Amino acid sequence: MSSGRETDSGAQRKPHGWLKTLWHKLGSPRWFYDIGGRWLYGFGAFAVVLLTIGTIWGLAVAPIDYQQGNSYRIMFVHVPTAIVAQSCFMLCGAAGMVLLVWRMKMADMALEAAVPIGLLMSALALASGSIWGRPTWGAWWVSDARTVSTLIMLFLYIALYALRGAIPRAEAAGRACAVLAIVGLVNIPIIKYSVEWWNTLHQTSSFSVVERPAMPASMYLPLLLNVIGFYCFFATVLIARMRTLVLKKESGARWVQEL
Amino acid sequence: MTVFVSSLARDWRANLRQPSQIINPLAFFLLVVSLFPLGVGPEPLVLARIAPGVVWVLALLAALLSVEGLYRQDYDDGSLEQLVIGARPLYFAVLGKATSQWLVTGAPLTLLAPIAGFMLYLPTEQVGWLMLSLALGTPTITLLAGIGAALTVGVNRGGTLLALIILPLFVPVLIFGTAVTETLLLGASREFPLLILCALLAASITLAPFAIAAALKIGVEQ
Amino acid sequence: MAAQETVETFWAFDSFSDFLAMGNHGFYVWLAYGLTFLVLGGLAWQSFAGHARLRRDIAAQARRNTSSPGAPK
């Protein structure tokens with residue numbers, strides 16, 4: 001059942017042996033539970049520090065935007081959530097592939113843990129984008145390319161979440177989700193491209209998103225800090241959820257009982 | 001190839017035995033089209049403007065309605081398990097099933113599109129383009145819908161879940177499908193969306209059966 | 001806006017009330033930030049609380065399984 005519980009002795013001698021060892025170790029829920037418990041604090045600390053500095057910098061220190069006024073400060077939370085939501089979808093697709101090809105248990109848990117996070121992140125990106133849109137474009141909802149493709153990503157997350165809930169047997173549910181995550185990953189670029197094309201076709205002149213030529217460092221740096229901070233937050237929550245899933249699925253194992 | 005033909009023939013015969021399953025989605029399609037003039041008013045210009053979009057969205061919904069039972073009966077009577085275990089290249093068996101599904105949903109819907117077009121005052125010269133776009137787009141729709149149907153094969157009352165899974169995947173076909181008919185109104189070329197529809201069809205014929213086959217294997221195991 | 005030409009300071013705002021007002025955009029900015037960090041906090045809390053609850057359940061289960069009552073850990 002678990003492919004990752006083989007011994008590492010053979011892998012050590014080959015070239016890239018350490019990579020193979022890491023691969024096998026990643027397949028071991030127990031190893032992940034132990035090491036994840038340590039990584040958790042690292043990522044968590046980074047997330048708190050970076051998000052605190054980045055948010056205060058973005059809210060109170062970064063200069064006012066001459067076009068949008070202070071509403072542009074929403075960017076410092078909007079852009080990171082959107083980026084993390086997208087990366088999370090790629091992670092889901094990759095985890096799905098690993099699960100189907102190598103049947104690695106941890107990939108299933110990564111997929112299960114990542115979906116609710118991605119769901120909330122894309123919902124947050126849409127919500128903060130819509131709040132940002134009201135003072136900027138004068139409308140709560142503008143169907144432009146990015147909004148629509150993020151909305152579709154949110155629906156795919158909801159579908160992934162609902163599909164897992166609907167299939168009673170856990171292993172089948174995980175593999176079905178893996179198939180859907182891969183199908184979604186293949187489709188997301190096509191959807192994005194088609195929505196962008198649709199946007200140029202229906203170019204109404206009521207609004208236009210002016211790409212600013214170059215963001216000054218005083219705006220770019222807090223954004224960068226928050227993006228990294230959101231990634232760290234994502235990693236923290238992902239690991240925490242995966243550890244919970246490890247305990248849930250291995251609850252009969254001896255090492256869990258001995259914790 | 002024999003797998004493809006035998007799977008196609010078997011499903012074709014099974015479909016003919018239950019004509020209501022074919023007729024109901026088509027009736028739904030025409031029924032909802034006839035509701036639109038009542039909903040948005042009988043103004044020909046407004047209806048002609050929204051006609052391609054209405055026809056296309058309803059084509060998606062009709063596909064959704066008809067695909068729900070695609071694998072359900074085979075699953076219940078155990079013949080799906082035989083198919084998954086027995087059919088050597090499962091790819092062709094799945095493709096055959098999708099083809100027969102298209103022949104009873106997408107194809108008749110394409111043939112009914114002129115009626116829907118006339119009900120919505122679509123200019124006569126546009127009707128041919130609408131049919132062409134449907135002829136190229138509905139096979140893709142059937143294949144994508146098949147993925148959702150295969151994933152939810154063991155799920156009781158999977159209807160809304162099925163919609164949640166496949167409707168987002170339909171977006172590219174919807175955009176380029178409506179664009180074929182709408183470009184005249186918007187002043188862009190027609191070849192491009194048609195080519196993209198062909199590309200989407202080719203991609204889904206090569207890739208979607210693999211996803212359907214993988215999903216069916218999982219569904220049968222549970 | 002008129003006082004922007006005064007001395008260049010570290011902070012982008014002259015006073016705390018300016019900071020809260022965000023130049024008429026206060027409602028939108030604070031709504032977006034509040035919502036984001038509320039959801040983030042809720043997600044983190046839910047993830048960690050779920051883990052802690054499960055650990056407690058498993059520990060209780062293990063205590064019930066072992067017949068000897070005085071042997072924790």
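Predicted model: local features only at pLDDT ≥ 70, side-chain atom pairs only at ≥ 80, totals over all residues.
**Chain B overall**
- Going along the sequence, chain B reads α-α-α-α-α-α-α-α-α-α-α.
- Its radius of gyration is 18 Å, close to the 17 Å that the globule rule gives for 222 residues, so chain B is as compact as a globular protein of that length.
- The C-alpha trace of chain B spans about 55 × 35 × 30 Å along its principal axes.
- Buried residues account for 50% of the 222 residues in chain B.
- Of the chain B contacts between residues at least 6 apart in sequence, 81% link residues at least 24 apart.

**Helix α2 of chain B**
- B:Pro25, B:Phe29, B:Val33 and B:Phe36 are the buried residues of α2(B); they fall within an arc of 75 degrees seen down the axis, so they line one face of the helix.
- Those buried residues pack against α3 (44-67) and α7 (106-119) of chain B.
- Turned away from the buried side are exposed residues, including B:Ile23, B:Leu31 and B:Leu38.
- After α2(B) comes B:Gly41, with a positive phi near 95 degrees.

**Where chain C meets chain A**
- Here 27 residues of chain C are in contact with 34 residues of chain A.
- Helix α2 (residues 26-65) of chain C gives the largest share of chain C's side, 19 residues.
- That side of chain C has 20 nonpolar residues, six polar and one charged.

Terms used:
Residues numbered from 1 in each chain as written. Chains lettered and ligands numbered in written order. Contact = placed C-beta atoms within 7 Å. Helix = DSSP H or I, 4+ residues; strand = E, 2+ residues; numbered from the N terminus. Nonpolar A, V, L, I, M, F, W, Y, C, P; charged D, E, K, R; others polar. Rg over C-alpha atoms; globule rule 2.2 N^0.38 Å. Buried ≥ 20, exposed ≤ 12 C-beta atoms within 10 Å, placed from the backbone. Arc of directions from axis to C-beta.
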